[in-house]
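Open the model in your viewer and keep the selection tool at hand. The tour goes from stop to stop, with something to select at each.

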Amino acid sequence: MFLLIYGLFFIIAFSRSYNYRAALEDGIRYFFPVAVILYGYYNKHKLNLFVGFIIVFALINFVVQFKNYYHYYIDPERQWFYSRFFVESENRMIYWPPVIFGLLRATGLVVFFGAFGILNFVAFWLTHYYYHGKYRKLCLTIFTIGVFMSTSFKTIGFFLLTLAIKYYNKLKYFLIVPVLLALIYLLMGSSMRNDLEKSIEIRLKLYVIEGNSARSESYRVMAKEFKDFNLIGKGIGVFGGPASTKYKSPYYDEVNFNWYDTTYIATTDTYYPHLFVEMGILGGLSYLSLILSPVFLRIIKKRKLKILALVYGMLFFDALFTFSINNLVMLTMTLLFVYPIIYDKKEEHH
């Protein structure tokens, strides 16, 4: 039923696109979450296998990252784990080392620091709930370190929030966090402190004070479409996604979109504006309902709901700032586990 309702809105939005090639390329991405969820359903009784895989995969990524550190600091030129961007105005490819505060952000084998953070976040909570072997505490420690190694602020923030909710009766112990942060700040070199202060200042201007970023612009555009009561969308491939920039969607000029200093990126790096502008209010809500449909189709015990809230919450929170909901790596780290968690028989005894 959820798929049929969404399918109707998808067909409408597809037919409204300015370019059917763009609609096809971005349209395929809309079905990535569906494919991952269905694959999870097909393997709904293999939770132990999936949990074992993500633990081992996260550990491998952790080890590989130290190799990345080694190669970066002995030869800080082009590396395989750099992100690549094609700058059309200069007709060349640029390589971007994920560095912040003078430190290389952890990317492991997944190549993107955001994915590395989510991998360790999910591995931590799945280990916490499902792995009770003798190396459990060691794994939890490694995955906690991995979350912070990613230096993905959104993942670290959400991780700390989930820890605070889980251990709300021990919140007094979290008071050590600001003390540790202050100590680290004092121990930093002057140049690193300057980089940190400048980075914080830039982010406050970009997202809070001035809102002068492509991300904030995309939310301005989404707010406009909500205000105009756009129910069925502007069309697939029109806004936010890689096809919209590849095929030069006219919508950006229509809304006077300002890319600021990020004209080299392929997307606006925010998923919800992309979804609600292209699919409309009703189409966007039908899509999110489809992704959440496993929770609605079966009576689920409270403990499982808590675990699912962690999985869905991380994905949906990250989508505020990235394109995680159509990124197969991030989807595999999250939505793949939904049905196996729901159908896990061992949990029924808790």
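Two notes come before the first stop. This is a predicted model, in which local features need pLDDT of at least 70, side-chain atom pairs count only at pLDDT 80 or more, and totals for chains, interfaces and linings use all residues. Residues are numbered from 1 along each chain as its sequence is written, and side-chain values use heavy atoms, with hydrogens and water left out.

**Stop 1: aromatic pairs**

How many aromatic pairs does a search of the whole structure find? The search finds 36. Rings of Phe, Tyr and Trp (its six-membered ring) pair if their centres lie within 6.5 Å; planes under 30 degrees apart count as stacked, over 60 as edge-to-face and the rest as tilted.

Select Tyr6 and Tyr287. Their rings make a tilted pair, 5.0 Å centre to centre with 40° between the planes. Tyr6 is in helix H1 (residues 2-15) and Tyr287 in helix H13 (residues 271-296), so the pair links parts of the chain 281 residues apart. Helices here are DSSP runs (H or I, at least four residues), numbered from the N terminus. Phe10 belongs to helix H1, while Tyr30 is in the loop between helix H2 (20-29) and helix H3 (32-42). Phe10 counts as buried at 12% relative accessibility, and Tyr30 counts as buried at 0%.

Then select Phe121, Phe124, Trp125, Tyr129, Phe148, Phe158, Phe159, Phe317 and Phe321. Ring pairs link these residues into a cluster.

**Stop 2: charges over rings**

A charge sits over a ring if NZ of Lys or CZ of Arg is within 6 Å of the ring centre and within 35 degrees of the ring normal. Select Arg105 and Phe113: the charged end of Arg105 sits over the ring of Phe113, 3.8 Å from its centre. Then select Arg298, which lies over the face of Tyr343 at 4.2 Å from the ring centre.

**Stop 3: the cavity**

A search of the whole structure finds one cavity of 30 Å³ or more. On a 1 Å grid over the protein atoms alone, a cavity is a set of points where a 1.4 Å probe fits but cannot get out, and lining residues have an atom within 4 Å of a point. The largest cavity has a volume of about 40 Å³, counted as the space filled by probe spheres set on the points.

Which residues line the largest cavity? Select Phe121, Val122, Trp125, Leu126, Ile307, Leu310 and Val311 to show the lining. Helix H5 (113-130) and helix H14 (302-318) are the elements that give two or more residues to this lining, and H5 provides the largest share, four residues. The lining divides into seven nonpolar residues, no polar and no charged (Ala, Val, Leu, Ile, Met, Phe, Trp, Tyr, Cys and Pro count as nonpolar, Asp, Glu, Lys and Arg as charged, and the others, Gly among them, as polar).

**Stop 4: two single residues**

Select Ser249, in the loop between helix H11 (242-246) and helix H12 (251-254). Is Ser249 buried or exposed? Ser249 is buried, with a relative accessible area of 5%. Not counting residues up to four places away in sequence, Ser249 touches Tyr18, Gly237, Val238 and Ser244, where contact means heavy atoms within 4.5 Å. Ser249 and Tyr18 are 231 residues apart in sequence but 7.4 Å apart in space, C-alpha to C-alpha.

Finally, select Thr245 in helix H11. Thr245 counts as partly exposed, at 24% relative accessibility. Leaving out residues up to four places away in sequence, Thr245 touches Tyr252, Trp259 and Ala266.

Key. Buried means under 20% relative accessible area, exposed over 50%, partly exposed in between (1.4 Å probe, protein chains only). On a 1 Å grid over the protein atoms alone, a cavity is a set of points where a 1.4 Å probe fits but cannot get out, and a pocket is an open set with protein on both sides within 12 Å along at least five of seven lines; lining residues have an atom within 4 Å of a point.
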